[in-house]
Amino acid sequence: MTAKLKITWLKSDIGYAEDQKRTIKSLGLKKLNQSVLHEDSLSLRGMVVKVRHLVKVEEVS
């Protein structure tokens with residue numbers, strides 16, 4: 001059984017690079033303070049690292 005990650009968008013992407021804005025959208029986040037659940041994977045971890053200053057990540061069992 002793989003772990004799930006709960007990703008919450010905490011800080012606005014205004015003023016940040018366009019690729020970071022696209023990463024937020026590709027994670028499935030549309031509004032501030034919205035949370036999404038994703039299966040843990042290396043590609044997902046890479047996206048989270050790119051926007052780590054904008055989101056909060058929790059591991060959900």
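**Reading the model**

Guide: Let us begin with charge. The protein chain has 12 positive and 7 negative charges, whose mean positions are 5 Å apart. Lys and Arg count as positive and Asp and Glu as negative, while His and the chain ends are not counted; each charge is placed at NZ of Lys, CZ of Arg, CG of Asp or CD of Glu. This is a predicted model, in which local features need pLDDT of at least 70 and side-chain atom pairs count only at pLDDT 80 or more, whereas totals for chains, interfaces and linings use all residues. Residues are numbered from 1 along each chain as its sequence is written, and side-chain values use heavy atoms, with hydrogens and water left out.

Visitor: How many helices and strands does the protein chain have?

Guide: Helices (H or I, at least four residues) and strands (E, at least two) are DSSP runs, numbered from the N terminus. Here there are 2 helices and 3 strands, in the order β-α-β-α-β from the N terminus on. The radius of gyration is 11 Å, close to the 10 Å of the globule rule for 61 residues, so the protein chain is as compact as a globular protein of that length. That radius is taken over C-alpha atoms, and the rule is 2.2 Å times the number of residues to the power 0.38.

Visitor: Which residues make up the largest nonpolar core?

Guide: A nonpolar core is a set of buried Ala, Val, Leu, Ile, Met, Phe, Trp, Tyr and Cys residues joined through side-chain atoms within 4.5 Å. Buried means under 20% relative accessible area, exposed over 50%, and partly exposed in between (1.4 Å probe, protein chains only). The largest core has 12 residues: Leu5, Ile7, Trp9, Ile24, Leu27, Leu29, Val36, Leu44, Val48, Val51, Leu54 and Val55. Two or more of them come from each of β1 (4-9) and α2 (42-50), and β1 gives the most, with 3 residues. In the protein chain as a whole, 26% of the 61 residues count as buried.

Visitor: What does Trp9 touch?

Guide: Contact means heavy atoms within 4.5 Å. Not counting residues up to four places away in sequence, Trp9 touches Ile24, Lys25, Leu29, Lys30, Lys31, Leu32, Asn33, Gln34, Leu54 and Val55. Of the contacts in the protein chain with a separation of 6 or more, 72% are between residues 24 or more positions apart.

Visitor: Is Thr8 buried or exposed?

Guide: Thr8, in strand β1, counts as buried because its relative accessibility is 9%. Beyond four places in sequence, its contacts include Asn33, Gln34 and Ser35. Gln20 belongs to helix α1 and is likewise buried, at 16% relative accessibility. Leaving aside neighbours within four places in sequence, Gln20 is in contact with Lys50, Val51 and His53.

Visitor: Where is Lys31 found?

Guide: Lys31 is in the loop between α1 (18-26) and β2 (35-39). With a relative accessible area of 61%, Lys31 is exposed. Lys31 and Leu10 are 21 residues apart in sequence and 9.3 Å apart in space, C-alpha to C-alpha.

Visitor: What is the phi of Asn33?

Guide: Most residues other than glycine have a negative phi. Asn33 has a positive phi of about 65 degrees although it is not a glycine. Asn33 lies in the loop between α1 and β2 and counts as exposed, at 59% relative accessibility.
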